[in-house]
Amino acid sequence: MSDIPPHHTSGNEQLQRIYEVTGCKTQSGLAALLGIRQSSVSLAAKQETVPNSWFIHLFRVGIHPDSIFTGTGRRFLPNLSELEEAVPEKHTIPDRSVIRSLLKCFSVDDLQSELKRRKRK
């Protein structure tokens, strides 16, 4: 019998989802996004476990932890416009270092494609 609770998936599946949702294609890219060494990503892959600190960082950049834990539900936290509708309070802009680390994970072509996709909506 597996030690994984029925609502959670294995560390390897969670790691794959992290790569997918962040768009990172390499351990180095994921390490840059998380602000850690590439060897830490390699170790996590080898041990098939995702450190809790990664989930905290991913949450801070807007990735919904349940989508990583279970593979279900929203991938991203509500965007600012959704939050403003739900809670009409002032919101802070994410720290620039968080934005920089997230952008390191994407190529210019990927970012341009995403902007074009959003403009069509």
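## Close-up views

View 1. Gln 38 is partly exposed, with a relative accessible area of 33%. (Buried stands for under 20% relative accessible area, exposed for over 50%, and partly exposed for what falls in between, with a 1.4 Å probe and protein chains only.) What you're looking at is a predicted model, in which local features need pLDDT of at least 70, side-chain atom pairs count only at pLDDT 80 or more, and totals for chains, interfaces and linings use all residues. Residues are numbered from 1 along each chain as its sequence is written, and side-chain values use heavy atoms, with hydrogens and water left out. Gln 38 lies in helix α3; helices are DSSP runs of H or I with at least four residues, strands are runs of E with at least two, and both are numbered from the N terminus. Leaving aside residues up to four places away in sequence, Gln 38 touches Gln 27, Ser 28 and Ala 31, where a contact is a matter of heavy atoms within 4.5 Å. Ser 28 belongs to helix α2 (residues 27-34) and is partly exposed, at a relative accessible area of 46%. The C-alpha atom of Ser 28 also sits 9.9 Å from that of Ser 40, 12 residues apart along the chain.

**View 2. The salt bridge between Arg 75 and Glu 20.** Side chains of opposite charge can pair when their charged atoms come close. Here the N to O distance between Arg 75 and Glu 20 is 1.9 Å. The pair connects distant parts of the chain, 55 residues apart: Glu 20 is in helix α1 (residues 11-22), and Arg 75 is in the loop between α5 (65-69) and α6 (80-86). By the rule used here (a side-chain nitrogen of Lys or Arg within 4 Å of a carboxyl oxygen of Asp or Glu), the count comes to 1 salt bridge. Arg 75 counts as partly exposed, because its relative accessibility is 37%.

View 3. Just after α4 comes Gly 62, with a positive phi of about 100°.

**View 4. Phe 55 stacked with Phe 69.** The structure holds 1 aromatic pair, and this is it: Phe 55 and Phe 69 stack at 4.3 Å centre to centre, with 15° between the planes. For the cut-offs, rings of Phe, Tyr and Trp (its six-membered ring) pair if their centres lie within 6.5 Å; planes under 30 degrees apart are stacked, over 60 edge-to-face, and the rest tilted. Phe 55 is in helix α4 and Phe 69 in helix α5, so the pair ties together parts that are 14 residues apart in sequence. Phe 55 counts as buried, at 8% relative accessibility, whereas Phe 69 counts as partly exposed, at 23%.

**View 5. Asp 66 in helix α5.** Asp 66 is partly exposed, with a relative accessible area of 40%. Setting aside residues up to four places away in sequence, Asp 66 touches Gly 71 and Thr 72. Between Asp 66 and Phe 55, the C-alpha atoms are 9.6 Å apart in space, and the two residues are 11 apart in sequence.

**View 6. Glu 48 in the loop between α3 and α4.** Most residues other than glycine have a negative phi, and most peptide bonds are trans. Glu 48 is not a glycine, yet has a positive phi of about 50°. Glu 48 counts as partly exposed, at 48% relative accessibility.

**View 7. Confidence along the protein chain, scored as pLDDT (the predictor's confidence in each residue, from 0 to 100).** The protein chain averages a pLDDT of 78, and 69% of the residues score at least 70. Where is confidence lowest, and where is it highest? The lowest is α6, at a mean of 54, and the highest is helix α3 (residues 38-47), at 95. Over residues 1-6 pLDDT stays under 50, and the model has 2 contacts for them beyond four places in sequence. The protein chain's secondary structure comes to 8 helices and 0 strands, and 26% of its 121 residues count as buried.
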